[in-house]
Amino acid sequence: MLKTPAYAAAAPKSPLAPFAIERREPGPKDVLIDIRYCGVCHSDIHQGRDEWYPGIFPMVPGHEIVGTVARVGTEVTKWKPGDTVGVGCFVDSCRACDACRDGEEQYCGGGLVFTYNGLERDGKTPTYGGYSAHITVDQDYVLRVPGNLPLDAAAPLLCAGITTYSPLRHFGVQAGDRVAVVGLGGLGHMGVKIARAMGAEVTVLSHSPRKRDDALRLGAHDFVATSAGDAFTANAGRFDFILDTVSAPHDYNAYLGLLKRDRTMVLVGVPEPSLLSAFPLVMGRRRLAGSLIGGIAQTQEMLDFCGQHGVVSDIELIAVQQINEAWDRVVASDVRYRFVIDLATLPRG
Ligand code: NAP
Ligand code: ZN
Ligand code: ZN
């Protein structure tokens, strides 16, 4: 086993602090990665604070991992030491169910192995994420990061990038479509950049007027502050597609009214439950859908797309010691627009 320095939450809601974990020695098909940067996703906070379901503690969060291949197992064909690679939200799946066979491993019915707050396929070994120095991952769950992208700013592509790219592709957003991105945080700002790179006409819907200039700078064509009294009437029936990235409970019904007839709103944000009315769906044959990250093949497609279009995240690089403060700022919608941890700052004892 490889002793690995990390940062962990000892129990739900407790602050993150230095913690030592053990990684497995690379097996024949494994890759050992030296982690250089890890993005800070709101899902890290939801899970570290037990907002979704009882988590597995101590918890080492982090699923926007980029780094360098340090060692490979004897049967590894895809990677060699020195390669620049990424790891996203899952590190294994059953490989046999319909979803896995379709390359939609994120919907694996046979036991998806989340990068952290999960169990390995043995059903008992907890997984630990990227707020750590190294990770051992099966070669089939490792991604190639395009060499032209700055590595720290590319880290958030591994979750925020694929989570927004996947529904835009799956629901067939076309150049010229009017796309609304609800919530300008980590996911939202990637949604803006990616939808823009696909040729869509992008509008940001934000809960205050504060982010107007940023939204336009990030590539949005228009901005609507939903706090304005007439926001929902003035924009009724305007959009071909709505990507809702909001992390806090909000009124889905109001946003559904902004869709044209027969169009779709996709939830990727996962706040606590809130009430849904049939009316805005029935009146306009509108659709409400959800979407979870993306499969391995599509994650690679997204990384290559971002390489071609020069799309990365706007980041604030932090030392690992700043993580608790960073989490509080994410919850306060005060992140511009993704925190990324520089793992060189991790105490190596
Ligand atoms: P984030 O950076 O915190 O962004 C969330 C945004 O939601 C904020 O920037 C803010 O945008 C808006 N918001 C926050 N509090 C609000 C409030 N009280 N009322 C209205 N709007 C509010 O979070 P993130 O990392 O992008 O993640 C967003 C959500 O997606 C989280 O729930 C996360 O768990 C989930 N997620 C899902 C997937 C998936 O596969 N489906 C993957 C990753 C993350 P404005 O200031 O512009 O309003
Ligand atoms: Zn995430
Ligand atoms: Zn499966």
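Met 265, a residue of strand β14, touches Ile 242, Asp 244, Tyr 252, Tyr 255, Leu 256, Leu 259, Arg 287, Leu 288 and Ala 289, leaving out residues up to four places away in sequence; contact here means heavy atoms within 4.5 Å. The model is a predicted one, in which local features need pLDDT of at least 70 and side-chain atom pairs count only at pLDDT 80 or more, while totals for chains, interfaces and linings use all residues. Residues are numbered from 1 along each chain as its sequence is written, chains are lettered from A and ligands numbered from 1 in the order in which they are written, and side-chain values use heavy atoms, without hydrogens and water.

The relative accessible area of Met 265 is 0%, so this residue is buried (under 20% relative accessible area, with a 1.4 Å probe and protein chains only).

Turning to the nonpolar cores (sets of buried Ala, Val, Leu, Ile, Met, Phe, Trp, Tyr and Cys residues joined through side-chain atoms within 4.5 Å), the largest has 97 residues, and Tyr 131, Ile 194 and Ile 323 touch the most other members. Met 265 belongs to a second, separate core of 15 residues, which also includes Ala 231, Ile 242 and Val 246.

Nine of the eleven residues of α4 are buried, among them Ile 162, Tyr 165 and Leu 168. Their cover includes β10, α5, β13, β14, α10 and β17. After the helix comes Gly 172, with a positive phi near 70 degrees.

The axes of α4 and α10 come within 10 Å and cross at roughly 100 degrees (axes are lines fitted to C-alpha atoms, for helices over the stretch in contact, with angles from 0 to 180 degrees between N-to-C directions). The two helices are therefore roughly perpendicular, a label for angles of 65 to 115 degrees. Gly 161, Ile 162, Tyr 165, Ser 166 and Arg 169 of α4 meet Gln 298, Thr 299, Glu 301, Met 302 and Phe 305 of α10.

Finally, the zinc ion (ligand 2) has Cys 41 (SG), His 63 (NE2) and Cys 159 (SG) as protein donors, 2.0 to 2.2 Å away; donors are N, O and S atoms within 2.8 Å of the metal (3.2 Å for Na, K and Ca). Both His 63 and Cys 159 are buried.

Technical notes: Helix = DSSP H or I, 4+ residues; strand = E, 2+ residues; numbered from the N terminus. Parallel < 35°, antiparallel > 145°, perpendicular 65-115°, else oblique. Buried < 20%, exposed > 50% of the residue type's maximum accessible area, 1.4 Å probe, protein only.
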